Amino acid sequence: MFSPELDAALFGVLGLLVGSFLNVVVYRLPKMMERQWAEECADLQGQTPPAAEPFNLVTPRSRCRQCGHLIRWYENVPVISYLVLRGRCSSCRTPIGLRYPLVELATAALFAWCGRQWGATPVGLAWAGFCAAVLALALIDWDTTLLPDVITQPLLWAGLVLAALGWTGVPLTHALWGAVAGYLSLWGICQAFRLLTGRVGMGNGDFKLFAALGAWFGWQALVPIVLMASVIGAVIGIGMKFASQLREGGYVPFGPFLAGAGLTALVFGPAAILQVIGLR
(Lines give C-alpha, C1' and ligand atoms only; values in the text may rest on other atoms or scores of the structure.)
Protein backbone atom coordinates (compact mmCIF):
# COMPACT_ATOMS: atom_id res chain seq x y z
CA MET A 1 0.00 0.00 0.00
CA PHE A 2 1.31 3.43 -0.96
CA SER A 3 0.32 6.84 0.33
CA PRO A 4 -3.43 7.56 0.40
CA GLU A 5 -3.05 10.08 -2.42
CA LEU A 6 -1.18 7.64 -4.66
CA ASP A 7 -3.63 4.84 -3.88
CA ALA A 8 -6.49 7.15 -4.81
CA ALA A 9 -4.75 8.14 -8.05
CA LEU A 10 -4.07 4.54 -9.04
CA PHE A 11 -7.64 3.52 -8.29
CA GLY A 12 -8.90 6.56 -10.17
CA VAL A 13 -7.03 5.54 -13.32
CA LEU A 14 -8.38 2.01 -12.95
CA GLY A 15 -11.84 3.52 -12.52
CA LEU A 16 -11.53 5.38 -15.83
CA LEU A 17 -10.78 2.10 -17.61
CA VAL A 18 -13.57 0.25 -15.82
CA GLY A 19 -15.97 3.11 -16.52
CA SER A 20 -15.21 2.82 -20.24
CA PHE A 21 -16.07 -0.88 -20.04
CA LEU A 22 -19.24 -0.13 -18.07
CA ASN A 23 -20.48 1.93 -21.00
CA VAL A 24 -20.19 -1.21 -23.11
CA VAL A 25 -21.94 -3.31 -20.47
CA VAL A 26 -24.82 -0.87 -20.09
CA TYR A 27 -25.47 -0.79 -23.83
CA ARG A 28 -24.82 -4.42 -24.79
CA LEU A 29 -25.99 -6.52 -21.85
CA PRO A 30 -29.72 -5.73 -22.29
CA LYS A 31 -29.44 -6.49 -26.01
CA MET A 32 -27.71 -9.79 -25.21
CA MET A 33 -30.57 -10.64 -22.87
CA GLU A 34 -33.16 -9.78 -25.51
CA ARG A 35 -31.38 -12.00 -28.03
CA GLN A 36 -31.29 -14.85 -25.53
CA TRP A 37 -35.01 -14.47 -24.82
CA ALA A 38 -35.79 -14.51 -28.54
CA GLU A 39 -33.77 -17.70 -28.98
CA GLU A 40 -35.52 -19.33 -26.03
CA CYS A 41 -38.96 -18.35 -27.38
CA ALA A 42 -38.08 -19.76 -30.80
CA ASP A 43 -36.86 -22.97 -29.19
CA LEU A 44 -40.10 -23.36 -27.19
CA GLN A 45 -42.09 -22.93 -30.39
CA GLY A 46 -40.00 -25.56 -32.15
CA GLN A 47 -38.46 -23.00 -34.46
CA THR A 48 -34.84 -22.48 -35.41
CA PRO A 49 -33.54 -19.08 -34.30
CA PRO A 50 -32.35 -16.97 -37.24
CA ALA A 51 -28.61 -16.89 -37.78
CA ALA A 52 -27.01 -13.84 -36.24
CA GLU A 53 -23.58 -12.31 -35.89
CA PRO A 54 -21.84 -12.97 -32.56
CA PHE A 55 -22.79 -10.28 -30.07
CA ASN A 56 -21.37 -10.09 -26.57
CA LEU A 57 -19.34 -7.75 -24.40
CA VAL A 58 -16.25 -8.25 -26.58
CA THR A 59 -17.56 -8.92 -30.08
CA PRO A 60 -18.10 -7.02 -32.33
CA ARG A 61 -15.75 -4.08 -31.96
CA SER A 62 -17.27 -0.79 -30.86
CA ARG A 63 -18.46 1.36 -33.73
CA CYS A 64 -20.42 4.52 -34.45
CA ARG A 65 -24.13 3.72 -34.36
CA GLN A 66 -24.76 6.23 -37.14
CA CYS A 67 -22.16 5.44 -39.81
CA GLY A 68 -20.63 2.17 -38.58
CA HIS A 69 -17.13 3.63 -38.22
CA LEU A 70 -14.98 1.23 -36.18
CA ILE A 71 -13.64 2.93 -33.06
CA ARG A 72 -9.84 2.87 -33.11
CA TRP A 73 -7.97 2.31 -29.87
CA TYR A 74 -6.80 5.92 -29.66
CA GLU A 75 -10.41 7.07 -30.11
CA ASN A 76 -11.41 5.03 -27.08
CA VAL A 77 -9.15 6.49 -24.39
CA PRO A 78 -11.43 7.37 -21.45
CA VAL A 79 -12.43 11.06 -21.32
CA ILE A 80 -9.37 12.23 -23.30
CA SER A 81 -10.63 10.87 -26.62
CA TYR A 82 -14.00 12.52 -26.05
CA LEU A 83 -12.32 15.88 -25.50
CA VAL A 84 -9.96 15.49 -28.46
CA LEU A 85 -12.84 14.50 -30.76
CA ARG A 86 -14.93 17.33 -29.27
CA GLY A 87 -17.70 14.88 -28.54
CA ARG A 88 -18.23 13.80 -32.16
CA CYS A 89 -17.55 10.76 -34.33
CA SER A 90 -14.29 11.24 -36.24
CA SER A 91 -15.94 9.96 -39.43
CA CYS A 92 -19.48 11.34 -39.68
CA ARG A 93 -19.29 13.99 -36.92
CA THR A 94 -22.39 12.62 -35.21
CA PRO A 95 -22.46 13.81 -31.57
CA ILE A 96 -21.29 11.30 -28.98
CA GLY A 97 -23.44 11.18 -25.87
CA LEU A 98 -22.09 13.17 -22.92
CA ARG A 99 -23.01 10.26 -20.68
CA TYR A 100 -20.00 8.26 -21.86
CA PRO A 101 -17.34 10.48 -20.27
CA LEU A 102 -19.60 11.19 -17.28
CA VAL A 103 -19.82 7.46 -16.51
CA GLU A 104 -16.05 7.18 -16.81
CA LEU A 105 -15.53 10.15 -14.48
CA ALA A 106 -18.11 8.90 -11.97
CA THR A 107 -16.49 5.47 -11.88
CA ALA A 108 -13.06 7.04 -11.48
CA ALA A 109 -14.29 9.18 -8.58
CA LEU A 110 -15.85 6.21 -6.79
CA PHE A 111 -12.75 4.08 -7.32
CA ALA A 112 -10.49 6.89 -6.12
CA TRP A 113 -12.59 7.20 -2.97
CA CYS A 114 -12.25 3.45 -2.34
CA GLY A 115 -8.51 3.64 -2.93
CA ARG A 116 -8.12 6.48 -0.45
CA GLN A 117 -10.39 4.81 2.10
CA TRP A 118 -8.91 1.29 2.06
CA GLY A 119 -5.69 1.66 0.08
CA ALA A 120 -4.48 -0.62 -2.68
CA THR A 121 -5.80 -3.69 -0.88
CA PRO A 122 -8.20 -6.52 -1.69
CA VAL A 123 -10.80 -4.76 0.46
CA GLY A 124 -10.43 -1.58 -1.58
CA LEU A 125 -10.78 -3.55 -4.81
CA ALA A 126 -13.84 -5.34 -3.45
CA TRP A 127 -15.64 -2.09 -2.67
CA ALA A 128 -14.56 -0.65 -6.01
CA GLY A 129 -16.15 -3.69 -7.66
CA PHE A 130 -19.30 -3.01 -5.65
CA CYS A 131 -19.38 0.55 -6.99
CA ALA A 132 -18.94 -0.60 -10.58
CA ALA A 133 -21.71 -3.20 -10.31
CA VAL A 134 -24.17 -0.83 -8.64
CA LEU A 135 -23.48 1.97 -11.13
CA ALA A 136 -24.00 -0.40 -14.06
CA LEU A 137 -27.28 -1.63 -12.57
CA ALA A 138 -28.53 1.92 -12.07
CA LEU A 139 -27.86 2.88 -15.68
CA ILE A 140 -29.28 -0.32 -17.17
CA ASP A 141 -32.44 -0.04 -15.09
CA TRP A 142 -32.92 3.60 -16.04
CA ASP A 143 -32.55 2.78 -19.73
CA THR A 144 -34.46 -0.49 -19.92
CA THR A 145 -36.18 -1.16 -16.52
CA LEU A 146 -34.07 -4.33 -16.32
CA LEU A 147 -31.82 -5.37 -13.44
CA PRO A 148 -29.88 -8.33 -14.88
CA ASP A 149 -29.46 -11.41 -12.69
CA VAL A 150 -25.96 -11.76 -14.07
CA ILE A 151 -25.02 -8.70 -11.97
CA THR A 152 -27.47 -8.70 -9.03
CA GLN A 153 -26.93 -12.32 -8.01
CA PRO A 154 -23.09 -12.25 -7.98
CA LEU A 155 -23.32 -8.92 -6.13
CA LEU A 156 -25.48 -10.57 -3.46
CA TRP A 157 -23.20 -13.58 -3.07
CA ALA A 158 -20.11 -11.39 -3.03
CA GLY A 159 -21.56 -9.40 -0.13
CA LEU A 160 -22.15 -12.56 1.88
CA VAL A 161 -18.76 -14.10 1.08
CA LEU A 162 -16.86 -10.91 1.85
CA ALA A 163 -18.78 -10.53 5.12
CA ALA A 164 -17.68 -14.06 6.02
CA LEU A 165 -14.08 -13.05 5.25
CA GLY A 166 -14.45 -9.93 7.41
CA TRP A 167 -13.73 -7.58 4.51
CA THR A 168 -16.90 -5.45 4.68
CA GLY A 169 -16.90 -4.89 8.44
CA VAL A 170 -20.40 -6.39 8.63
CA PRO A 171 -20.89 -9.55 10.71
CA LEU A 172 -22.00 -12.49 8.57
CA THR A 173 -25.25 -12.88 10.50
CA HIS A 174 -26.11 -9.22 9.87
CA ALA A 175 -25.25 -9.62 6.18
CA LEU A 176 -27.35 -12.78 5.90
CA TRP A 177 -30.40 -11.25 7.55
CA GLY A 178 -29.83 -8.10 5.56
CA ALA A 179 -30.14 -10.11 2.36
CA VAL A 180 -33.22 -11.93 3.61
CA ALA A 181 -34.93 -8.79 4.92
CA GLY A 182 -34.00 -6.80 1.83
CA TYR A 183 -35.60 -9.29 -0.52
CA LEU A 184 -38.68 -10.10 1.54
CA SER A 185 -39.50 -6.50 2.47
CA LEU A 186 -39.82 -5.29 -1.12
CA TRP A 187 -41.42 -8.55 -2.20
CA GLY A 188 -44.07 -8.13 0.52
CA ILE A 189 -44.74 -4.51 -0.47
CA CYS A 190 -45.07 -5.55 -4.11
CA GLN A 191 -47.52 -8.34 -3.29
CA ALA A 192 -49.64 -6.04 -1.14
CA PHE A 193 -49.71 -3.43 -3.93
CA ARG A 194 -50.74 -6.09 -6.40
CA LEU A 195 -53.59 -7.29 -4.20
CA LEU A 196 -54.86 -3.74 -3.68
CA THR A 197 -54.54 -2.45 -7.22
CA GLY A 198 -54.27 -5.48 -9.45
CA ARG A 199 -51.04 -4.08 -10.89
CA VAL A 200 -47.38 -4.99 -10.50
CA GLY A 201 -45.59 -2.03 -8.96
CA MET A 202 -42.05 -3.38 -8.81
CA GLY A 203 -39.88 -5.92 -10.59
CA ASN A 204 -38.07 -8.92 -9.12
CA GLY A 205 -34.75 -7.25 -9.90
CA ASP A 206 -35.47 -4.59 -7.28
CA PHE A 207 -35.89 -7.31 -4.63
CA LYS A 208 -32.53 -8.83 -5.58
CA LEU A 209 -30.72 -5.49 -5.64
CA PHE A 210 -32.07 -4.56 -2.21
CA ALA A 211 -31.07 -8.00 -0.93
CA ALA A 212 -27.55 -7.42 -2.27
CA LEU A 213 -27.35 -4.05 -0.49
CA GLY A 214 -28.48 -5.77 2.70
CA ALA A 215 -25.68 -8.30 2.28
CA TRP A 216 -23.04 -5.60 1.84
CA PHE A 217 -24.24 -3.19 4.55
CA GLY A 218 -26.19 -5.37 6.99
CA TRP A 219 -29.86 -5.31 7.94
CA GLN A 220 -29.52 -2.10 9.96
CA ALA A 221 -28.82 -0.10 6.81
CA LEU A 222 -31.93 -1.23 4.95
CA VAL A 223 -34.34 1.33 6.39
CA PRO A 224 -32.12 4.38 5.67
CA ILE A 225 -31.38 3.11 2.15
CA VAL A 226 -34.99 2.41 1.18
CA LEU A 227 -36.19 5.68 2.74
CA MET A 228 -33.69 7.73 0.78
CA ALA A 229 -34.45 5.85 -2.43
CA SER A 230 -38.19 6.36 -1.93
CA VAL A 231 -37.96 10.08 -1.15
CA ILE A 232 -35.64 10.91 -4.04
CA GLY A 233 -37.57 8.63 -6.40
CA ALA A 234 -40.84 10.32 -5.49
CA VAL A 235 -39.40 13.81 -5.98
CA ILE A 236 -37.89 12.96 -9.36
CA GLY A 237 -41.02 11.09 -10.42
CA ILE A 238 -43.23 14.08 -9.60
CA GLY A 239 -40.85 16.39 -11.43
CA MET A 240 -40.89 14.17 -14.50
CA LYS A 241 -44.67 14.03 -14.41
CA PHE A 242 -45.00 17.81 -14.39
CA ALA A 243 -42.44 17.97 -17.21
CA SER A 244 -44.38 15.30 -19.14
CA GLN A 245 -41.28 13.12 -19.31
CA LEU A 246 -42.69 9.94 -17.77
CA ARG A 247 -42.42 6.94 -20.04
CA GLU A 248 -45.44 5.01 -21.25
CA GLY A 249 -47.36 3.63 -18.29
CA GLY A 250 -46.33 6.53 -16.05
CA TYR A 251 -43.68 4.64 -14.09
CA VAL A 252 -40.18 5.42 -12.90
CA PRO A 253 -37.70 2.57 -12.31
CA PHE A 254 -36.81 2.18 -8.63
CA GLY A 255 -33.43 0.49 -9.12
CA PRO A 256 -31.44 3.67 -9.88
CA PHE A 257 -32.61 5.24 -6.62
CA LEU A 258 -31.77 2.10 -4.62
CA ALA A 259 -28.35 2.12 -6.26
CA GLY A 260 -27.84 5.81 -5.52
CA ALA A 261 -28.83 5.32 -1.88
CA GLY A 262 -26.44 2.37 -1.66
CA LEU A 263 -23.53 4.44 -2.95
CA THR A 264 -24.49 7.23 -0.53
CA ALA A 265 -24.46 4.72 2.32
CA LEU A 266 -20.98 3.64 1.25
CA VAL A 267 -19.49 7.13 1.13
CA PHE A 268 -21.30 8.82 4.03
CA GLY A 269 -22.67 5.93 6.09
CA PRO A 270 -26.30 4.83 6.56
CA ALA A 271 -26.83 7.21 9.50
CA ALA A 272 -26.03 10.21 7.29
CA ILE A 273 -28.91 9.25 5.00
CA LEU A 274 -31.37 9.72 7.82
CA GLN A 275 -29.95 13.19 8.44
CA VAL A 276 -30.25 14.11 4.77
CA ILE A 277 -33.95 13.22 4.65
CA GLY A 278 -34.60 14.85 8.02
CA LEU A 279 -35.26 11.79 10.16
CA ARG A 280 -32.33 12.23 12.51
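This report walks through helix packing, aromatic pairs, charges over rings and a few backbone details in a predicted model.

## How α1 meets α4

Let's start with two helices. α1 covers residues 4–44 and α4 covers residues 122–144; they pack at an angle of about 35°, and their axes are 10 Å apart. The crossing of α1 past α4 is right-handed.

On the α1 side, the contact uses Phe11, Leu14, Val18, Leu22, Val25, Val26, Leu29 and Pro30. α4 brings in Gly124, Leu125, Ala128, Ala132, Leu135, Ala136, Leu139, Ile140, Asp143 and Thr144. Sort the residues of this contact by type and you get 15 nonpolar, 2 polar and 1 charged.

## Aromatic pairs between α4 and α7

The model has 10 aromatic pairs. Take Trp127 and Phe217: their ring centres are 5.6 Å apart and the planes make an angle of 40°, which falls between the 30 and 60 degree limits, so this pair counts as tilted. Trp127 belongs to helix α4 and Phe217 to helix α7 (residues 204–217), so the pair ties together distant parts of the chain, 90 residues apart. Both Trp127 and Phe217 are buried.

Phe130 and Trp216 make another tilted pair, with 4.9 Å from centre to centre and 45° between the planes. Phe130 and Trp216 are both buried.

## Arginines over rings

Two arginines are worth a look if you care about charges and rings. The charged end of Arg65 sits over the ring of Tyr27, at 3.9 Å from its centre. Arg28 lies over the face of Phe55, and here the distance to the ring centre is 5.5 Å.

## Backbone details in the loops

On to the backbone. Thr59 and Pro60 are joined by a cis peptide bond, with omega at about -5°. Pro60 is part of the loop between α1 and α2 (80–84). Val79 is found in the loop between α1 and α2 as well, and its phi is near 65°, a positive value in a residue other than glycine. With a relative accessibility of 16%, under the 20% cut-off, Val79 counts as buried.

Arg86 also has a positive phi without being glycine, near 55°. Arg86 sits in the loop between α2 and α3 (99–118). Its relative accessible area is 73%, over the 50% limit, so Arg86 is exposed.

Terms used
Residues numbered from 1 in each chain as written. Predicted model: local features only at pLDDT ≥ 70, side-chain atom pairs only at ≥ 80, totals over all residues. Heavy atoms only, no water. Axes fitted to C-alpha atoms, helices over the stretch in contact; angles between N-to-C directions. Helix = DSSP H or I, 4+ residues; strand = E, 2+ residues; numbered from the N terminus. Left-handed = near helix turned anticlockwise from the far one by under 90°. Contact = heavy atoms within 4.5 Å. Nonpolar A, V, L, I, M, F, W, Y, C, P; charged D, E, K, R; others polar. Phe/Tyr/Trp six-rings, centres within 6.5 Å; stacked < 30°, edge-to-face > 60°. Buried < 20%, exposed > 50% of the residue type's maximum accessible area, 1.4 Å probe, protein only. Lys NZ or Arg CZ within 6 Å of the ring centre and 35° of its normal.
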